[in-house]
Amino acid sequence: MQETHTSPIDDPVLDISGLTVEIASGGQIGMALSDISLHVAKGECLGLVGESGSGKSLTALAVVGLLPKKVARIVRGSVRVDGDSAYAEDGHYKDGLRGGKVAMILQDPMSALNPVLKIGDQVEEAIRGRSAMSAVQRRDRAIEMLDLLKINRPAERVGWYPHQFSGGMRQRVVSAAALACEPRLLIADEPTTALDVTVEASFSRLLKQLQRDLDLSVLYISHDFSVVAKMCDRVSVMYGGTIVETGRTEEVLRTPIHPYTDGLIRSIPDVTQKVEWLEPIDGQPPSIFDAPAGCPFAPRCAHASPQCQTDRPPLAETPDGRHYRCWHPLTDNAQDAADA
C-alpha cells in the first residue's frame, strides 16, 4: 500500500484539502476533523456517510463558515468554493459565499423556519442583501421558487405560515430559500431525517431532478446508505473525524474495501431475504477527547492487528481511483477494485 493524495478534477466546485479542526470543551481539546480531503465536481452529487458523531455535519459547517465560535478552530487545511478560498488569511469566512455560491438545507425544517414569519418573507430574506432585486421582484422570485419546488398554488401559499405546511412541504420551503440565489454548491445535511419514508422518497426524487435541471453540485450528508445509493454519484465514508473510503457509489456498495464501510452496508436490512438477525457494528464511535492512537476504527474492527492500535493508516489508492485508509483492507474487494 502506497501513500498517496487525492487528485481532484480540474476546477471542482468544492475542494477541501487536508482540513483539520480542533474542538475545545471543558478544558479539553479534541481533533474533531483530521486531514479531510474531498472534492465535488460540477453537476455531481457526492454522498458523505457515517454514524452520528463521525464529523459529517461539522465538515459541512466548515464549508459554510458556521463552525461554533470560540469552540472550533481550523488548525490546517483549506476549503475552496468555485475556485475561491472560503477563508481569508485572518481566518474569517469570506462575505458573499454563504447564501450566494454555497447554500445549505438543514435536517429539521421546523427549526430552520421562523414560526411567526410567513414563508414568503423567509424565502425573500434569503435573497435580500445578496441581490439588487426590488421588493416586488423578490416576491415574484419567492413564488417562482415555491413553484420550482412543486408547491401547489405558490402565489397563495407564499402568505402562509410554517405550521400550515406538512413536514415534507416545510422541507421544500427550506430548499426554495436555499436555491433562491442560484448557488453553485448545495449542501443537504440529512434533509429527509424528519420525514416519513413515503415523503422521503418523494423529496429525494425532487432533489435529484433539481440537481440535474439546475446543473447543481451537491454534497449530500446521510447515515443511510440506501438513500445515498439512489442520490449520489460518488460516496465518501467518514469515521472518527476522518474519511476512510471514497469511490463511485455503486462500486463501494458492491465491493467495500474498508471494514467500516462493509459493516455499514451489512447493517442495512434486506427485505428480499429472510434474516433472523441484522449484523450491527459492535461498540461505539470514539470520543474526540479520547481518540485511539492508531486507526480510529481499530477498537471495533474484527480485522485489527497490533499495528492498527498504534499507527494511523495512510491514504491508499487503487488503480481505478478508489481511496481508503486501512492497514488490512478487505483484500478480495481491494483486488476486485484494482482489476476493474
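Predicted model: local features only at pLDDT ≥ 70, side-chain atom pairs only at ≥ 80, totals over all residues.

Q: What makes β1 and β4 (residues 72-81) paired strands?
A: Two strands pair if DSSP finds at least two bridges between them. β1 and β4 are joined in the antiparallel sense over 8 bridges, so they count as a pair. Within this pairing, I16 stands opposite V79 in β4, and D15 stands opposite R80 in β4. The strands themselves are DSSP runs (E, at least two residues), as helices are runs of H or I with at least four, numbered from the N terminus.

Q: How many bridges join β1 to β2 (residues 28-40), and what lies between the strands of their hairpin?
A: β1 and β2 run antiparallel and are joined by 9 bridges. A24 has I29 as its bridge partner in β2. The hairpin has 2 residues between the strands, and G26 takes a positive phi near 60° there.

Q: Why are β2 and β5 (84-85) said to stand at the edges of their sheet?
A: The open sheet of 4 strands has the order β2-β1-β4-β5, with antiparallel pairing. β2 and β5 each have a single partner strand, so one side of each is left without a neighbour in the sheet.

Q: Why is β1 (residues 14-25) called mostly covered?
A: Buried means under 20% relative accessible area (exposed is over 50%, partly exposed in between; 1.4 Å probe, protein chains only). In β1, 9 of its 12 residues are buried. Helix α1 (residues 56-64) lies across β1, β2 and β4, running at about 110° to β1.

Q: Which residues of α3 (residues 119-127) are buried, and what covers them?
A: In α3, 7 of its 9 residues are buried, namely I119, G120, Q122, V123, E124, A126 and I127. The cover includes α2 (109-112), α4 (135-148), α5 (154-157) and α6. After α3 comes G129, whose phi is positive, near 90°.

Q: How do α6 (residues 167-179) and α7 (residues 197-214) lie relative to each other, and why?
A: α6 and α7 pack at an angle of about 20°, with their axes 10 Å apart. Angles under 35 degrees count as roughly parallel (over 145 as roughly antiparallel, 65 to 115 as roughly perpendicular, the rest as oblique), so α6 is roughly parallel to α7.

Q: Which residues bring α6 and α7 into contact?
A: Contact means heavy atoms within 4.5 Å. G168, Q171, R172, S175 and L179 in α6 meet V199, S202, F203, L206, L210 and L214 in α7. The residues of this contact divide into 6 nonpolar, 4 polar and 1 charged.

Q: What places β6 (102-105) and β11 (316-317) at the edges of their sheet?
A: The open sheet of 8 strands has mixed pairing and the order β6-β7-β8-β3-β9-β10-β12-β11. β6 and β11 each have a single partner strand, so one side of each lacks a neighbour in the sheet.

Notes
Residues numbered from 1 in each chain as written. Heavy atoms only, no water. Axes fitted to C-alpha atoms, helices over the stretch in contact; angles between N-to-C directions. Nonpolar A, V, L, I, M, F, W, Y, C, P; charged D, E, K, R; others polar.
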